[in-house]
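The questions below go through one protein model, moving from its sheet to its helices, rings and single residues.

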Amino acid sequence: MMPNMSAVRSFLVFAFDALAVSLTWYGAYLLRFNFDIPTDYARNLIESLPVALLVQLVLFRVFGLYRGIWQFASLPDLMRIIKAVGASIPAMMAALFFLRTDLSVPRSVVLIQPMILLLLMGGGRFAWRAWREHRVYGALRAQGKPVLVLGAGEAAASLLRELSHSAEWRVVGLLDDDPGKHALTLHGVKVMGPIDALDHWARKLSAQHAIIAMPSSAHEERKRAASLCVRAGIKALTVPSFDDLISGRITVASVRNVEVEDLLGRDPVWIDTPALNGFLRDRCVMVTGAGGSIGSELCRQIARFAPAQIIAFEQNEFALYRLQEEFNEHFPEITLVCLAGDVKDTLRVESVLRTHAPAVVFHAAAYKHVPLMEEHNAWEAVRNNVWGTLVVARAAAACGVGKLVLVSTDKAVNPTNVMGATKRLAEKVCLAVGASGGTQIEMVRFGNVLGSAGSVIPKFQEQIARGGPVTVTHPDITRYFMSIPEAAQLVLQAGVMGEGGTIFVLEMGEPVRIADLARDMIRLSGASEHDIKILYTGLRPGEKLYEELLADREHTLATPHPKLRVARSRPVEEGWLEDLVSWLRQNRIPPDIEVRRDLRRWVPEYEPATHAELRVIDGGH
């Protein structure tokens, strides 16, 4: 029968420690007597050695020195050795006093021997580990691709330890913005300089890859590091986020490619969890447009707060099915009621609200694509975005819903397109219905969300995959971006904070030039602008160069939340809503050019791009 390898290893370690105790006991006597031990003390040495072996080896076992694996000897192993050897000093003195009163061991020997023993035992273990790692991994490290690590903190230290076993990577230098770390070394790797010097050191050290090891830094710092990599033409990777690391789900070594979200994303959003618990827990919550990007994320975020049930109202059957399947898999404890329906259908909406009596409704159903709604579909945009909102708002008020939250857009501010004008008109509808009391109605405006349906990012990814060109409408066009989870969380936060008739504006950070975004995405793909061209196609119908978050005649107020401000809009005039309803109920489908003209009446700040069309219509009356 083969001997147990673990037992064999433990015995060999035990034998090494026994030999170390013997050698250091002898060495302590040599040092005490300047390498000339008197005859009487030589006999004393031999007679006291069994006592030293018994006491120290028993303590080593008690302190768990034989549970570690030498190949992975680390600081905890060294601490156990220090504790065991330290405890042996008083234990030796006590044993010599009680066992052999005539055995006179010099006190200096009892003090010197543990110090030598500590060096021999600790050094032996770490020497073994160094030899093993060099034998197993030394050749691999020489073969790995050279890589720079950005950051020289704890995450970088952990990463270096992990990569020392990797055949894929060979770390050739560290970069960190802390001047106090420059020219120092971390696990044998030198800190070359600041992160801004990435391009210089990458060329000098022939590194075509960089790993961003800054999980606990502010997102702006990580974003800057990612941008430097991309614009220097260096393949960028990053370690997991700080939240993922402390959760234990993944390790520092689980590096991934830098994605466009790393260049555009923001710091995690803070939400008032206790307030949202009180707002959503054990209550029925309804989401319209529940199959869309924002609607489905709202359902996921609401599920975190254990509602009594979620009513998912959606016109698209397949999107509703996918949401149902996702909840069956990931949120089986949540009661999700999937209801097919159109927000323009008054009977259906009222029936749902009366049957399920939701306490809160999040109205995310809308047509949002600017060019599509601008031509050939203008009246459908009005019906869906305005009439649909009116139906939901009136039904909510009639059925006693406590709160309605409208998901709006930055395109509703000084709109230049039909979609933006209809969303601004939807806000005014909510203000008018909310003014009658009963249901509290809030509105939340924000810009583009990363990865949403119709977003520019999936479009660029498809164009890059085909080899280009990447189409951008204008060299100077800019947009605001935020992640879908962040947008959904802030919509929930606004819902719990609002007291009725409030337009919340999300803090969107700095606008992003779409042309720069296209260049960064091309570089992230590993190509250059010589390989994949950028083609400027001109502004599309209804599109403007930049988006605004506040209308000119509105003022904002701060809120307790750093990413939410309040824009108080002018109240609508008495009788305004009845006139609007008459217009919406006309029994014909007006042409797009007429819809754009009439929208100016209901939304005075609306300035469509096609002024010539409006003059033609006005002149025809």
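Q: Which residue of strand 4 stands opposite L174?
A: In this predicted model, strand 2 covers residues 169-175 and strand 4 covers residues 189-193, and the two pair in the parallel sense over two bridges. Looking across from L174 into strand 4, the residue that stands opposite is V191.

Q: Which residue of strand 2 is the bridge partner of V147?
A: Strand 1 spans residues 145-150, and strand 1 pairs with strand 2 in the parallel sense over six bridges. Within strand 2, the bridge partner of V147 is V171.

Q: In what order do the seven strands of the open sheet lie?
A: The sheet is open and its pairing is mixed. Strands of a sheet can pair through backbone hydrogen bonds in either a parallel or an antiparallel sense. Read across the sheet, the seven strands follow the order 3-4-2-1-5-6-7.

Q: Why is one side of strand 3 and of strand 7 left without a neighbour in the sheet?
A: Strand 3 (185-186) and strand 7 (256-257) each have a single partner strand, so one side of each has no neighbour in the sheet. The reason is therefore their position, as both stand at the edges.

Q: How many of the seven residues of strand 2 are buried?
A: A residue is called buried when its relative accessible area is under 20%. Strand 2 is largely enclosed by the rest of the structure, because the number of its seven residues that are buried is six.

Q: At about what angle does helix 7 run to strand 5?
A: Helix 7, which comprises residues 219-231, lies across strand 1, strand 5 (209-212) and strand 6 (235-238). Taken against strand 5, the direction of helix 7 makes an angle of about 175 degrees.

Q: Is R256 buried, partly exposed or exposed?
A: R256 is found in strand 7, and, leaving aside its neighbours within four places in sequence, R256 is in contact with L237, T238 and D262. R256 and L237 are 19 residues apart in sequence, yet their C-alpha atoms are 5.4 Å apart in space. With buried meaning under 20% and exposed over 50%, the relative accessible area of 38% makes R256 partly exposed.

Q: How many of the 11 residues of helix 11 are buried?
A: Helix 11 runs over residues 293-303 and is largely enclosed by the rest of the structure. Its buried residues include I294, E297, L298 and C299. Of the 11 residues in helix 11, the number buried is nine.

Q: Over the ring of which residue does the charged end of R32 sit?
A: Ring pairs link W25, Y29, F33 and Y41 into a cluster. Elsewhere, the charged end of K145 sits over the ring of W169, 4.7 Å from its centre. For R32, the charged end is 4.6 Å from the centre of a ring that belongs to F33.

Key
Residues numbered from 1 in each chain as written. Predicted model: local features only at pLDDT ≥ 70, side-chain atom pairs only at ≥ 80, totals over all residues. Heavy atoms only, no water. Pairing = 2+ DSSP bridges. Helix = DSSP H or I, 4+ residues; strand = E, 2+ residues; numbered from the N terminus. Contact = heavy atoms within 4.5 Å. Axes fitted to C-alpha atoms, helices over the stretch in contact; angles between N-to-C directions. Phe/Tyr/Trp six-rings, centres within 6.5 Å; stacked < 30°, edge-to-face > 60°. Lys NZ or Arg CZ within 6 Å of the ring centre and 35° of its normal. Buried < 20%, exposed > 50% of the residue type's maximum accessible area, 1.4 Å probe, protein only.
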